[in-house]
Amino acid sequence: MPGLDVGVSLFWVLFGLALGQQSIALGLGGPGGPGSGMFPLLAALLIFAGGAGSLVQSLLRHGAPVPGDPVEERFWPEPRSAMRVGLLILVMAAMIFAVPYLGFALSGAIGMPLLLRTIAPHFSWWLAVLVGVIAAACVHLLFAVLLGTPLPRGPLGF
Amino acid sequence: MEGILSGLGGGFAAILNLSTLYYIFIGSLIGTLIGVLPGIGPLAALSLLLPTTVALPPVVSIAMLSAIFYGSMYGGSITSILVNIPGEAASVVTCLDGYAMARQGRAGAALGMAALGSFIAGTFGIVILCFFSPALSTFAIRLGPPEYCGLMVLGLVCTILMIQGSALKGMVMIGLGAAFATLGMDAVTGEFRFTFNTIELTAGVEIVAVVIGLFGVAEILANVEQSEAGIAVKMKIGKLWPTRSDWKASWKPILRGSGLGFAVGLVPGGGPVTASFLSYAAERRMADDPSSFGKGRIEGVAGPEAANNAAVSSGMIPLLSLGIPGNAVTALLMGALIINGVQPGPMLIVEHPDIFWGVIASLYVGNVILLILNLPLVGLWVQLLRVPYSILFPTIVLLAMVGTYSANRNIFDLWVMLSFGVLGWFLRKFGYELAPLVLAFVLSPLLEQSLRQSLVMSPDGAMIFLQRPVAAGLLAACAVILLLVVVRRRAIPLPGEPT
């Protein structure tokens with residue numbers, strides 16, 4: 001993915017510049033000592049320098065990978081990888097969104113079968129639901145019952 | 001000497017109770033399990049289990065997390081030897097000769113020597129830790145903010161030297177970690193930094209959410225990209241206790257591995273992975289017939305396994321004595337101590353001797369428990385390889401979510417966790433290592449504080465770093481290391497250049 005790698009390096013250069021500009025706006029310091037922006041500016045300089053160096057390195061090599069740099073050859077290793085990763089992120093986001101309304105146990109019991117089917121489509125829905133409910137119950141027992149963590153509760157009271 | 005022994009006695013008194021032993025046992029068990037299962041590294045396991053230790057006393061919390069780390073080192077060798085799949089990165093070299101031994105019907109001897117070598121090296125490392133750490137603490141108490149600043153910069157620079165990939169990308173990761181650490185209210189001026197007018201970001205981002213995202217969620221996202229593949233365990237294990245000739249061949253590599261691993265673990269940025277690779281290279285170089293390595297030499301198992309466990313012990317020295325984590329795992333342990341209200345550093349031994357010596361004593365106990373767990377239960381660990389990942393990963397996702405929430409009881413942390421998970425997964429694809437990011441994230445608040453204190457106490461501004469000999473020496477060391485990085489990278493030719 002040499003083209004994308006160059007794009008990521010360019011992003012760091014721009015991000016470093018933006019962060020640097022915001023850090024200067026925060027104030028670098030005065031007679032009372034260093035200001036709030038001094039340390040973030042140093043961080044911005046590192047990001048900028050590292051990104052610019054990577055960019056120059058990539059351009060000097062005409063996009064050829066740098067030996068020893070473990071950049072993956074293809075962004076998606078398999079045709080279905082994008083769908084699996086996308087669904088996993090989507091289900092996780094939906095679970096996080098649902099937690100305040102349904103509680104952890106119920107969100108987990110609903111989300112787990114979806115995650116299971118995303119990762120292993122060969123699982124039957126019945127088995128996915130069964131495994132999901134058992135796993136959600138075990139996690140709930142560990143945190144809410146054994147460790148006494150007050151987790152958000154859903155309409156069913158757990 | 002007397003002080004060390006009485007301190008250690010106090011440490012044992014603090015941990016030798018049923019409750020602490022139970023948590024060390026659980027930590028050892030979970031660690032070995034994590035080590036056995038390929039795909040979930042010790043960092044992911046530690047970050048996922050970090051929230052469960054929040055409610056525990058500091059000694060118990062660190063003892064359990066250390067046991068997880070040790071356990072993963074022990075457990076990682078099992079899959080390396082039996083199925084040629086390293087359970088974690090430090091066991092990669094164990095595959096070479098361990099698997100070859102297993103194919104020759106000597107899996108038992110390889111597993112036994114890996115466990116015994118790890119135990120001997122772990123114990124060696126802890127004994128040296130007992131003597132070295134208090135001495136370093138006594139020295140470190142005399143250091144001021146400029147010296148601390150120099151030490152922390154040295155720690156971050158060493159990380160660049162040690163990373164496998166691009167040093168420039170390591171630099172970006174350090175900057176990014178430092179930038180994330182500045183989110184929220186500035187503790188000195190009270191100003192809000194990069195909060196984008198959101199209340200949730202005023203307190204910054206939680207370390208638990210960051211590490212669970214970067215190591216737990218990112219690991220799962222990387223794993224689900226590939227179709228599920230089953231693991232077949234076909235090897236017969238055979239006799240576990242090594243023979244007299246195995247011992248004769250292995251005792252020197254174990255001793256060398258222990259020494260080398262201990263030294264590498266001490267260096268900021270070093271760790272078990274580097275230690276095991278260096279030990280393997282050293283054994284191969286010293287062997288009468290280097291070409292036989294990779295074909296079932298027991299020295300190729302004994303040395304690296306000893307080295308990675310010794311590095312775990314010595315990695316605790318900079319953390320406990322200086323309050324500076326040398327690698328991502330010790331950064332997590334530091335996070336656990338801070339969450340428990342304990343600041344690691346030279347004052348730890350003075351202010352909390354029970355915690356300091358308790359942690360060291362718990363390492364002894366953890367090592368013994370791991371030896372007991374590893375050898376007789378190896379058959380059980382092998383059976384665990386048959387747990388389908390399709391069940392394991394969704395359960396880990398749920399565990400990650402509940403764990404992240406329980407640390408701070410804040411739904412916003414779950415979004416932080418997911419965001420860092422996606423970021424970590426994306427960065428890994430482009431060869432960006434995540435350890436420097438975490439290390440910088442943990443060290444930055446202390447580094448910023450030391451930097452500010454140094455500049456405030458200096459009438460000559462930044463010149464204070466050159467006026468104080470220790471600080472100047474540390475910064476000179478940083479410059480030398482950066483030079484080494486440049487020289488090492490220049491050795492890699494551009495296309496068309498002569499090799």
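Helices here are DSSP runs of H or I with at least four residues, strands are E runs of at least two, and both are numbered from the N terminus. This is a predicted model, in which local features need pLDDT of at least 70, side-chain atom pairs count only at pLDDT 80 or more, and totals for chains, interfaces and linings use all residues. Residues are numbered from 1 along each chain as its sequence is written, while chains are lettered from A and ligands numbered from 1 in the order in which they are written.

Now look at where the chains meet. Chain B puts 55 residues into the contact and chain A puts in 63, with two residues in contact if their C-beta atoms, placed from the backbone, lie within 7 Å. On chain B's side, helix 18 gives the most, with twelve residues.

Next, follow helix 19 of chain B. Its 19 residues reach 28 Å from first C-alpha to last, close to the 27 Å expected at 1.5 Å a residue (1.5 Å times one less than the number of residues). Among the things covering its buried residues are helix 3 (81-119) of chain A and helix 9 and helix 18 of chain B. After helix 19 of chain B comes B:Gly431, with a positive phi near 75°.
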